[in-house]
Amino acid sequence: MIDSWLEDVKKDTAPEELGMILVHNGVVRATAKNGSKVEGMILSYDENRLAELLKVYRQKEGIVDIKAWINSGRLGIGDDIMYLLVAGRFRTDIMPVFDAVLSAIKKEVVKEQEL
């Protein structure tokens, strides 16, 4: 999936507009944030809210594309939770948007229940 995203962004973007592509791959850890052991998680997400967020952040200065995929259901240790790609002109354009959209997804889109 990520390889095809990279290929599509490079193919569909004018070279003068594309200087960086940043990718995130979140995975299920064996420990919770408090350090306790977990066996996995149950994950769900709001598809409509995700689409709304991506639309807003794609309009930010210097951003040419944002793509996101979120897994759902019962996930085990090491399973992929999410892929996020933010592409744009300069690092200074991309880094703040990447952080903001990732934080918004975690706060407003996904619901996690550790097992």
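**Notes on a predicted model: rings, strands and charges**

1. A search of the whole structure turns up two aromatic pairs. To count as a pair, rings of Phe, Tyr or Trp (its six-membered ring) need centres within 6.5 Å; planes under 30 degrees apart are called stacked, over 60 edge-to-face, and the rest tilted. Trp-5, Trp-69 and Tyr-83 make up one aromatic cluster.

2. Before going on, a word on what you're looking at. This is a predicted model, where local features need pLDDT of at least 70 and side-chain atom pairs count only at pLDDT 80 or more, while totals for chains, interfaces and linings use all residues. Residues are numbered from 1 along each chain as its sequence is written, and side-chain values use heavy atoms, with hydrogens and water left out.

3. Are those two ring residues, Trp-5 and Tyr-83, buried or exposed? Both Trp-5 and Tyr-83 are buried. Here buried means under 20% relative accessible area, exposed means over 50%, and partly exposed is in between (1.4 Å probe, protein chains only). Strand S5 (residues 80–88) is mostly covered too, with eight of its nine residues buried. Helices (H or I, at least four residues) and strands (E, at least two) are DSSP runs, numbered from the N terminus.

4. Now see which strands S5 pairs with. Two strands pair if DSSP finds at least two bridges between them. Strand S1 (residues 20–27) pairs with S5 in the antiparallel sense over eight bridges, and Met-20 has Gly-88 in S5 as its bridge partner. S3 and S5 are antiparallel as well, paired over seven bridges; there, Lys-67 has Leu-85 in S5 as its bridge partner.

5. Have a look at the open sheet of three strands, in the order S4-S2-S6 with antiparallel pairing. S4 (73–76) and S6 (110–114) stand at the edges with a single partner strand each, so one side of each has no neighbour in the sheet. On average, neighbouring strands of this sheet are turned by 30° against each other, direction ignored. Angles like these use axes fitted as lines to C-alpha atoms (for helices, over the stretch in contact), and they run from 0 to 180 degrees between N-to-C directions.

6. Strand S2 (residues 40–45) pairs with S6 in the antiparallel sense over five bridges, and Leu-43 stands opposite Glu-112 in S6. Helix H3 (residues 91–109) packs on the sheet and touches S2 and S6, its direction making about 70° with that of S6. Contact, by the way, means heavy atoms within 4.5 Å.

7. Next, the charges. A salt bridge is a side-chain nitrogen of Lys or Arg within 4 Å of a carboxyl oxygen of Asp or Glu, and by this rule the count is eight salt bridges. Which residue does Lys-11 bridge to? The partner of Lys-11 is Asp-12, with the closest N and O atoms 4.0 Å apart, and both Lys-11 and Asp-12 are exposed.

8. Asp-65 lies in strand S3 (residues 63–70) and counts as buried at 16% relative accessibility. Arg-58 forms a salt bridge with Asp-65, the closest N and O atoms being 3.5 Å apart, and Lys-67 forms another with Asp-65 at 3.2 Å. Arg-58 is partly exposed, at 36% relative accessible area. Leaving out residues up to four places away in sequence, Asp-65 touches Val-9, Arg-58, Leu-85, Val-86 and Ala-87.

9. Finally, find Arg-89 in the loop between S5 and H3. Arg-89 is partly exposed, at 23% relative accessibility. A polar contact of 2.9 Å joins the side chains of Arg-89 and Asp-93. Such a contact is a pair of N or O atoms within 3.5 Å; within protein, one must be able to donate a hydrogen and the other to accept it, and residues adjacent in sequence count only if both atoms are side-chain atoms. Setting aside neighbours within four places in sequence, the contacts of Arg-89 include Glu-16, Met-20, Glu-61 and Ile-94.
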